[in-house]
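I opened the notebook to look up side-chain contacts.

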Amino acid sequence: MLDKRYAEARAEIERNRLIENGQSGALFFAALAYGDAMEENKLFQTASHLAKLFCIAAAFIIPNLLVIHVLL
C-alpha cells in the first residue's frame, strides 16, 4: 500500500518536473521571438514602449490613490 502511494507520488513529482522544464524552455524561445519581433516591427516597438510607460505610471499612481482613499 505504501509502495503504491510512494510510486504515485514519485510519478507526480517527476511529471511536474518535466512540465516545469518544458515551461522554462518555452520561456526562452518566447524571449527570443520577442527580441526578433522588436527588431523587425516598428508598431510592436511602440506598443511595447507604451505598455512599459503605462506599468511605470501605474506603479507610481495606484499606491498614492490607495493612500488617499484609505486615509481621507
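I needed the accessibility cut-offs before anything else: buried is under 20% relative accessible area, exposed is over 50%, and partly exposed lies in between. I am working from a predicted model.

**Entry: aromatic pairs**

I looked up the aromatic pairs and got a count of 2. One is Phe28 with Phe29, an edge-to-face pair. I noted 5.5 Å centre to centre and 70° between the planes. I then checked Phe28 and found it exposed, and Phe29 is exposed as well.

Next I took Tyr34 and Phe44, which also form an edge-to-face pair. Here I wrote down 5.5 Å between the centres and 75° between the planes. Where do Tyr34 and Phe44 sit in the chain? I found Tyr34 in helix α1 (residues 2-40) and Phe44 in helix α2 (residues 42-71). They are 10 residues apart, so I logged this pair as a link between distant parts of the chain.

I asked how Tyr34 counts by accessibility. Tyr34 has 40% relative accessibility, so I put it down as partly exposed.

**Entry: salt bridges**

I looked up salt bridges and the count was 1. Which side chains meet in it? I found Arg17 and Glu14, at 2.5 Å from N to O. The two are 3 residues apart in helix α1, so I noted a separation of about one helical turn.

Arg17 counts as partly exposed because its relative accessibility is 40%. Glu14 is at 30%, so I logged Glu14 as partly exposed.

Terms used: Residues are numbered from 1 along each chain as its sequence is written. This is a predicted model: local features need pLDDT of at least 70, side-chain atom pairs count only at pLDDT 80 or more; totals for chains, interfaces and linings use all residues. Side-chain values use heavy atoms; hydrogens and water are left out. Rings of Phe, Tyr and Trp (its six-membered ring) pair if their centres lie within 6.5 Å; planes under 30 degrees apart count as stacked, over 60 as edge-to-face and the rest as tilted. Buried means under 20% relative accessible area, exposed over 50%, partly exposed in between (1.4 Å probe, protein chains only). Helices (H or I, at least four residues) and strands (E, at least two) are DSSP runs, numbered from the N terminus. A salt bridge is a side-chain nitrogen of Lys or Arg within 4 Å of a carboxyl oxygen of Asp or Glu.
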